[in-house]
Amino acid sequence: MFQSLGVIMVAAGVMYLFIPHDESAAPVQAKDYRVELLTAQRAAPYPVLAPEGLGADWKATVVSYKREKGDAWQLGFLSPDTQYVAIHQSTAAPGKYVPEVTHEAKNTGKTQTVAGQVWQRWEGPKYDALVRAEGGSTTVVTGTASFERLAEMAGSLKPHKA
C-alpha cells in the first residue's frame with residue numbers, strides 16, 4: 001500500500017512540474033462583442049442596451065443573442081473588483097425570465113433610481129439584480145457584484161438600434 005502511495009505521489013509531483021501554472025497570468029481574456037452587438041441591434045425588436053463609458057478595467061467575458069429564446073441578449077463582464085456583472089434583455093415573460101437569469105433571485109419590493117430611471121431590486125442566494133421592464137422587453141443587470149457595481153453598469157447602459 002505504501003509503495004502504491006509513493007508511486008502516486010511521484011506521478012503527482014511530475015505532473016505539477018510539467019503542467020504550466022502561472023499565477024501572474026491574466027485568468028480572463030476580454031472579448032470583443034461589437035459583432036454580436038450589431039447582430040442583436042438588427043434582429044431585436046427592442047433597443048439593445050450596451051454600456052458606454054466604462055473603464056478599461058471592465059472586461060467583457062460573455063456575449064450572446066438568441067432569437068429563439070425570446071430575443072435574449074446577454075453581455076457579461078468581469079468588474080474591476082473581479083465580480084461578475086451581466087446585462088440580460090429579453091421579450092420573454094418577466095415572471096419566468098428574471099428568476100432564470102438571476103439564479104432564483106426574488107423581488108425585494110424595493111426600488112433604486114439609477115441615472116433617472118427606476119429599477120426594481122432583486123436579491124438571491126447567488127446573484128442580486130436590478131430589473132426594469134419597459135417597451136415590451138425586460139432588462140436585468142445581475143451578478144455577484146454589489147448593488148453599487150450593478151448600478152454603475154445600469155447607469156452606463158445606452159440604447160442601440162441599428
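This is a predicted model: local features need pLDDT of at least 70, side-chain atom pairs count only at pLDDT 80 or more; totals for chains, interfaces and linings use all residues.
**Strands, hairpins and salt bridges**

In the hairpin formed by strands E7 and E8, 2 residues lie between the strands, and glycine 135 takes a positive phi near 60°.

Strand E7 covers residues 128–134 and pairs with E8 in the antiparallel sense over 7 bridges. Within this pairing, arginine 132 has threonine 139 of E8 as its bridge partner. Strand E8 itself spans residues 137–143. On its other pairing, E8 is joined to strand E4, residues 84–90, by 6 bridges, and these two strands also run antiparallel. Here glutamine 89 has threonine 139 in E8 as its bridge partner.

Is strand E8 mostly covered or mostly exposed? Of its 7 residues, 7 are buried. The covering applies to both faces: Ser137, Thr139, Val141 and Gly143 are buried on one side, and Thr138, Val140 and Thr142 are buried on the other.

Strands E6 and E7 form a hairpin with 4 residues between them, and they are joined by 3 bridges in an antiparallel arrangement. Arginine 121 has leucine 130 in E7 as its bridge partner. Strand E6, residues 117–123, is in turn paired with strand E5, residues 106–114, in the antiparallel sense over 6 bridges.

Side chains of opposite charge can pair when their charged atoms come close. The structure holds 5 salt bridges. One of them joins arginine 132 to glutamate 134, with the closest N and O atoms 2.7 Å apart. Which of these two residues is buried, and which is partly exposed? Arginine 132 counts as buried because its relative accessible area is 15%, under the cut-off of 20%. Glutamate 134, by contrast, is partly exposed, with a relative accessible area of 47%.

Another salt bridge is formed by the side chains of aspartate 81 and arginine 149, at 3.4 Å from N to O. This pair links distant parts of the chain: aspartate 81 lies in the loop between strand E3 (72–78) and E4, whereas arginine 149 lies in helix H4 (residues 147–156), 68 residues apart. Aspartate 81 is partly exposed, with a relative accessible area of 35%. Arginine 149 also meets glutamate 152 in a salt bridge, at 2.8 Å from N to O. Because arginine 149 and glutamate 152 are 3 residues apart in helix H4, about one helical turn separates them. Glutamate 152 counts as partly exposed, at 34% relative accessibility. Through shared partners, salt bridges join Asp81, Arg149 and Glu152 into one network.

A last feature concerns the surface. Val10, Val14, Tyr16, Leu17 and Phe18 form a nonpolar patch there, with about 600 Å² of accessible area together. One of these residues, valine 14, is found in helix H1, residues 2–18. Valine 14 is partly exposed, with a relative accessible area of 41%.

Terms used
Residues are numbered from 1 along each chain as its sequence is written. Side-chain values use heavy atoms; hydrogens and water are left out. Buried means under 20% relative accessible area, exposed over 50%, partly exposed in between (1.4 Å probe, protein chains only). Two strands pair if DSSP finds at least two bridges between them. Patches are made of residues with over 30% relative accessible area and no salt bridge: like charges are joined within 9 Å, nonpolar side chains (Val, Leu, Ile, Met, Phe, Trp, Tyr) within 5 Å. Accessible areas come from the Shrake-Rupley method with a 1.4 Å probe; for residues, only the protein chains shown count as cover. A salt bridge is a side-chain nitrogen of Lys or Arg within 4 Å of a carboxyl oxygen of Asp or Glu.
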